[in-house]
Amino acid sequence: LFISSLQFFFFQAEDGIRDPLWSRGLGDVYKRQYIGPLAIITAYYLYQFSSTGLNCYQHIALLMLIEHYLKRVLESLYVHRFADSKMEFLGAFIGMFIYYWVLGGAVLSYNAINKIYDDTDKIICFVGLIIFSIGEVMNLLCHRIQRNLRPEGTKVRGIPSGCGFDLVSSANYFWEFVSWIGFAIYTRTITSIFFCIAGLFAMSFEAVKQHERYICLLYTSDAADDTPCVDLGGRRII
């Protein structure tokens, strides 16, 4: 029953149509991978709030996590336009369950709330909160820019600009990394530092793919998902 439930949750398409292979559409994966930690952290926050009570620093630490995952859920529903690509079982399980639900949800919130904060942490916590907030706002603006590059119902893509895209190809990942740097500064736990570094590695792989897509668009006239890459002779757009 447990295995069947996992199969249904991770691999049953939202329209009720199953694929012959164990895979999910990217939109399904992204929605579920953020709903999980959001539910875990919110439940843990409410439990701690009602049972043991929380100080100001602990409140803010958990609210930072709740805000981040709530933002990602809303972006998955109303901002992102997902391609028709699929994510296979192993990638979905590791990315969704282990990385986000266990590490980014349960472990991260547990360590953040069990850290001992006092008034000597006031300045560094404030700095971490400001950095986190800047990263979150800029990341949202980047996602809006990317959404507007792809008209609904089409495969057309464009090259973004503004909010850091003029300096780096994947400003959206850069600002998300800034957010996690801010959270790591705020909490200063081994778990938050590890999650920040792990996120950097994971986003780096995606950033390379995104950069290569922009190169294809820059040097070809067809801005579709299946645009073939061309030999650029080592040229880059950043």
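**Notebook: loops, cysteines and a helix pair**

I began with Arg 188, which I found in the loop between α6 and α7 (190–219). A reminder to myself before going on: this is a predicted model. Arg 188 has a positive phi of about 55°, although it is not a glycine.

Next I turned to Cys 163, which sits in the loop between α5 (122–148) and α6. Here too I noted a positive phi of about 55° in a residue that is not a glycine. Cys 163 has 26% relative accessibility and therefore counts as partly exposed.

How many disulfides does the structure hold? I found zero. I checked Cys 142, and the closest cysteine sulfur to its own is in Cys 163, 5.1 Å away. Cys 142 is buried, with a relative accessible area of 0%. I also looked up Cys 196, which counts as buried at 8% relative accessibility.

Then I stepped back to the whole chain. I listed seven helices and two strands, and reading along the sequence gave me the pattern α-β-α-α-β-α-α-α-α. The protein chain has 238 residues, of which 42% count as buried. I also looked at contacts between residues at least 6 apart in sequence, and 73% of these join residues at least 24 apart.

My last stop was a helix pair. I kept in mind that two packed helices are described by the angle between their axes and the distance between the axes. How do helix α3 and helix α6 pack? For α3 (residues 56–78) and α6 (residues 171–187), I noted an angle of about 165° and axes 11 Å apart. The angle is over 145 degrees, so α3 is roughly antiparallel to α6. The crossing of α3 past α6 is left-handed.

Which residues make the contact? From α3 I wrote down Cys 56, Tyr 57, Ile 60, Ala 61, Met 64, Leu 65, His 68, Tyr 69 and Arg 72. From α6 come Glu 176, Trp 180, Phe 183, Tyr 186 and Thr 187. Sorting the residues of this contact, I got ten nonpolar, two polar and two charged.

Conventions:
Residues numbered from 1 in each chain as written. Predicted model: local features only at pLDDT ≥ 70, side-chain atom pairs only at ≥ 80, totals over all residues. Heavy atoms only, no water. Axes fitted to C-alpha atoms, helices over the stretch in contact; angles between N-to-C directions. Helix = DSSP H or I, 4+ residues; strand = E, 2+ residues; numbered from the N terminus. Parallel < 35°, antiparallel > 145°, perpendicular 65-115°, else oblique. Left-handed = near helix turned anticlockwise from the far one by under 90°. Contact = heavy atoms within 4.5 Å. Nonpolar A, V, L, I, M, F, W, Y, C, P; charged D, E, K, R; others polar. Disulfide = S-S within 2.5 Å. Buried < 20%, exposed > 50% of the residue type's maximum accessible area, 1.4 Å probe, protein only.
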